[in-house]
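Have the viewer open and follow along.

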Amino acid sequence: MYELKSQYKITGPQKKVVDQVVSRFKNNSDRQVLLGVTGSGKTFTMAHVIKELDCPALILSPNKTLAAQLYQEFKGFFPGNRVGYFVSYYDYYLPEAYVPQKNLYIAKEVSINPELERLRIDAARNILESRNTIIVASVSAIYSIGSPDDFFSQKVSYSLRSRVEREELIREFINLGYLRTEGFIESGHFRVRGDIIEIFPTSEENPVRFVIEDAILRNIEIFDAVTASTLEIPGTTTIFPVSYFHYKKKRVDEALDNIKRDLKEQICFFKSRGKHEFAERLNERTLCDIELLEQYGHCPGIENYSLYLTGRKTGDPPYTLLDFFGDDYLLIIDESHIAVPQLRGMYEGDQSRKKKLVGYGFRLPSALDNRPLNFHEINSKLRKVLYVSATPSFYEIKDSNNQVNELLVRPTGLLDPEITIKKSDSPVDDMINELQKEMDKKGRVLITTLTKKMSEKLTDYLAVKGFKCTYLHSEIKLLDRIKVIKKLRIGDVDILVGINLLREGLDLPEVSLVVLLDADREGYLRSETSLIQTFGRAARNVNGRVILYIKKMTGSLKKAIDESKRRRQYQINYNQKHQITPRSITKKIKDFYDDDYWIQKSQEDIDVDFKSKENLIKEIEELTKAMKKKAENLDFKTATKLRDRIKYLKNIMLELY
């Protein structure tokens, strides 16, 4: 069962909503809406719903930054239960594509973040091993991965004092896709030292050591990869395959037969239409993949052959994270007014790109079945769904049969922010005066623009004026975004400039002013829903206010302002009735892992040679090589010192650059 821990007690309005949501689900209501204003404790309420329903939960977030925040919060609420994180593991991703008009082929380019990859596999493992599991995910949850049955059935478990031969253990690790190494042990590898075998599972944060004597497993240890010191001595342990798309030789051989058959058919198809160039291209590319699969059981782009490897038929829905949950689980779609349209649009965009690759001989037709779920398939896999938003759309309300649970009261008594409308010929100059007032009060500011370029130029301009500011948009890497947000909260940055990333869900109680430039530009970023969400970024601070720079009043602006005033008055009436004095939210500042990794250093603490980013990167690379070398030579004491130095330099680089 779930054990929810928090320093806060559930309020009357929150308890009423929790009871209502749980009761409706237990009475066979499959879809509901939780309409909660910013700061009302939606996340806390969601946690109580999960606890009361006592079933696996998948929380879907519209972006990685919000997903990271939710992951932190749910880890805090459920420290004794399993909480997973499942987002795209790419720091950089350029998909494979072909542009017929220019005869331009674009090869896939990716930069995989190994830590995000580990967290994905760990999340899948957790849900297969325990029903009391919560996974926070982005829309990558609807993309094709391997079959849960295959992933789970290939695992191997070991217990102390069980009989096992050394060669048998090595063979099992190889069958699971792990590579043997003699040096520094990294994720996805194992090494052998006499009767000691060490493996670093891709689903674990630390490697595992097995000690065998006389064909008996005498000891199992989880240890630090750098220091080799023992961290834990479990009685049993389970090793999962190296990835979702790892399959045993028999399955790969069966898939190869099907690949060769379809290759022959597709070549005949192209030749019958006089497209010999396409036939030759497809033959060359596919034979290369076949050779790699025959020799290693894996190849780049193996996911394009998942149709054969998973035993599906053409057109069948692919296996996704949703399949790992089984039939009884709760799906919470956070900021549903954004997430639901995302879910609708993924399939068509993916198919449009891949149809060109197949049609011009770059891929077999099986590539079309390596895809996200379409919206109909998504709905067919869902059971209990809770749409959560401060501004639910017509679709969510209709899909829930108008079962809307309103949470309009903030426990802190905070009001919706005061809104000031300004018509100025020089909005940026006027804004600078407002920013200075806020800096004098030690406040923090969010500024929203309409384009990335504008956010970058405005940031440069404000920096010249002496403000500590930075920008945040979709081109900033996930883990860097988290660091930027933390810098705002701790005061290293006073002003954050962005576009729509500053709207939904970001919990920034230090922010006392939100500025909207071009607030009267009707469109997606200035719709009624977007405006209300943006106003909400200032609703966690008792001094919160919003400034709108406009030239004329629009329909969306009027509706958003009227709704904000309605909610503000609702809270005022509640505060008066219950004698509540509004107070700002106090929220602990955490890192992604909530550890002591963040080390604040002043400029004077930095070595003279490390005042450029290039020198820092070079030094970090050299120290990393030295650390691995020392670990290989069993000099773990020195390796530990080098590791700490690397962390120190990385923190300096994050702060300065």
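The buried residues of helix α7 are V252, A255, L256, I259, D262, L263, Q266, I267 and F270. Buried here means under 20% relative accessible area, exposed means over 50%, and partly exposed is in between, all with a 1.4 Å probe and protein chains only. An α-helix has 3.6 residues a turn, so residues three or four places apart point the same way. The buried residues of α7 pack against α8 (276-296), α9 (306-309) and α10 (336-359), with contact meaning heavy atoms within 4.5 Å.

A word on what you're looking at: this is a predicted model, where local features need pLDDT of at least 70, side-chain atom pairs count only at pLDDT 80 or more, and totals for chains, interfaces and linings use all residues. Residues are numbered from 1 along each chain as its sequence is written, and side-chain values use heavy atoms, with hydrogens and water left out.

Back to α7: the helix covers residues 249-272, 24 residues in total, and reaches 34 Å from its first C-alpha to its last, close to the expected 34 Å. That expected span is 1.5 Å times one less than the number of residues. After the helix comes G274, with a positive phi near 75°. Helices (H or I, at least four residues) and strands (E, at least two) are DSSP runs, numbered from the N terminus.

Two strands count as paired if DSSP finds at least two bridges between them. Here are some of the pairs:

| Pair | Direction | Bridges |
|---|---|---|
| β1 and β18 | parallel | five bridges |
| β10 and β11 | parallel | two bridges |
| β11 and β12 | antiparallel | four bridges |
| β12 and β13 | antiparallel | four bridges |

L179 has H189 in β11 as its bridge partner. Further along, F190 stands opposite I199 in β12, and I199 is in turn the bridge partner of V208 in β13. Which turn residue between β11 and β12 has a positive phi? That's G194, at about 65°, in a hairpin with two residues between the strands.

Finally, N543 sits in the loop between α16 (528-535) and β25 (545-549). N543 counts as exposed because its relative accessibility is 52%. N543 and K613 are 70 residues apart in sequence and 38 Å apart in space, C-alpha to C-alpha.
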